Amino acid sequence: MTLLPIFAAVALLVLLIAVLKAPPFVAFIISALAAALMLGMPLAKIPASMDHGIGDLLGSLAGVIILGAMFGKLIADSGAAERIAESLTRLFGQKRLPIAMTFTGFIVGIPLYYNVGFVLMVPLIFSITYRSRLPAVYVGMPLLAGLSIAHGFLPPHPSPTALVTQFGADLGTTLLYGMIVGIPTLLIAGPLFSTTLKGIVGTPSALFKPSETRSEALPGTLNSFVCALLPVILIGLATALNYTSGLPPEQKALITFIGNPTIVLLLSVIIATIALGTARGRPLGEIMESFGAAVRDIATILMIIGGAGALKQVLIDSGADVQLASLLRDIPLPPLMLGWLIAFVIRIALGSATVAGLTAASLVHPLVVTTNVNPNLMVLAVGAGSLMCSHVNDSGFWMFKEYFGLSLRDTFRSWSLMETIVGTFGLIFVLILSLWV
């Protein structure tokens, strides 16, 4: 009987978001309330359970996500992202332009949230397209694949960061595994797949003429790369040092403190504010206004994460998580594949990768708790499933279609297939990695 209320709650969530176009936070709260009532929770305990779920998940993530948004905004506004793209393009040359675009998308995608990175990079793609006289989809797809993989696999992006918390994974280890899984997936979905897209010719808007930004007005190459990758460098170093034996407890405590994601991002914001902002003559007040805009932009994602926390907590407090774990264990699929499949199905129904990942996490969470599955790999498996089969209910699908001036058929042939390749090979490499860790 436990499955029926859970399926009904998820179906209600799909109905509210996909059909009635309700705000995702409201849809999560209504679905959590419905699940609690159907699961027989005492009325007096329902509000407290939902509040606990919202606060518990947001409490550990709000700082990371807000600081991450501020950091990404600074990387974008300063021109560091454009300098990275320009440098990689010059390094690889026109013959290897898809490789340059691949690494541009991946590196820029680490600090930038997906929609910001998409809007920022599309004019750059067309600027390169005009100079190289190559098809825009062929040039742009590897870069967008890099953005997508960073969005689905790598902290500090909202969905993988939230999944790390939900599954009790380690952020540094997940980031390392995400790199191991993400890079070969990217090479397949980016430069390899783009070779099949040379025949797709779009009609982009005249808005996307080559950029008039003077190269000398951009920050330096080393400055741009170091600032953009600083969170990864700090988290990676802290994770590696924590595995070093023989360190005194005081040093271990200091490394753990500095390696905390909130501290890492705070340090990154401070350093980048100086290196990419005030040191280059940008007024501090202007930077702070930009930070304020970044926080406003991220509010919706925070609310979605909070709503997902309410649903998860209801399943735990009602005891449904234990019964659900027992039922899921009986399904003849490995846990990682099951997590991927659940996220995949919800992605098709709802469109949003973030909502799909967080909803799947609420359902898969008890399986992670009661089995010996690696929680870091479960983050990546669910992330891969949440990227599958982008279609007409996904805003990214329409952004790509309209920016590149494509038909629906060509958008399915390029964008939707790229996302499906990312999700499929992401799972394959997660399963391979699971044999070794």
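## Cysteines

Cys 389 is partly exposed, with a relative accessible area of 22%. That value comes from a predicted model. The cut-off for buried is under 20%, so Cys 389 does not count as buried. Cys 389 sits in the loop that joins α17 (375–386) to α18 (395–404). Its phi is positive, about 50°, although Cys 389 is not a glycine.

Cys 227 is a buried cysteine, at 4% relative accessible area. The structure holds 0 disulfides.

Is Lys 21 buried or exposed? Lys 21 counts as exposed, because its relative accessibility is 63% and the cut-off for exposed is over 50%.

## The α4 and α5 pair

Helix α4 covers residues 80–92, and helix α5 covers residues 97–109. The two pack at an angle of about 155°, and their axes lie 8 Å apart. That angle makes α4 roughly antiparallel to α5, because angles over 145 degrees fall in that class. The crossing of α4 past α5 is right-handed.

Which residues of α4 meet α5? They are Ala 81, Ile 84, Ala 85, Leu 88, Thr 89 and Phe 92. On the α5 side, the contact is made by Leu 97, Ile 99, Ala 100, Met 101, Phe 103, Thr 104, Ile 107 and Val 108. By type, the residues of this contact split into 12 nonpolar and 2 polar, with no charged residue.

## Buried Ala 343 in α15

Ala 343 is part of helix α15, which runs over residues 335–350. Its relative accessibility is 0%, so Ala 343 counts as buried. Beyond its neighbours within four places in sequence, Ala 343 contacts Ala 356, Ala 360, Val 382, Gly 385 and Ser 386.

Gly 168 gives a point of reference for Ala 343. The two are 175 residues apart in sequence. In space, they are 18 Å apart, C-alpha to C-alpha.

## Buried Thr 411 in α19

Thr 411 lies in helix α19, residues 408–434. This threonine is buried, with a relative accessible area of 0%. What does Thr 411 touch, not counting residues up to four places away in sequence? Its partners are Phe 397, Phe 400, Lys 401, Leu 406 and Ser 416.

How values were computed:
Residues numbered from 1 in each chain as written. Predicted model: local features only at pLDDT ≥ 70, side-chain atom pairs only at ≥ 80, totals over all residues. Heavy atoms only, no water. Axes fitted to C-alpha atoms, helices over the stretch in contact; angles between N-to-C directions. Helix = DSSP H or I, 4+ residues; strand = E, 2+ residues; numbered from the N terminus. Parallel < 35°, antiparallel > 145°, perpendicular 65-115°, else oblique. Left-handed = near helix turned anticlockwise from the far one by under 90°. Contact = heavy atoms within 4.5 Å. Nonpolar A, V, L, I, M, F, W, Y, C, P; charged D, E, K, R; others polar. Buried < 20%, exposed > 50% of the residue type's maximum accessible area, 1.4 Å probe, protein only. Disulfide = S-S within 2.5 Å.
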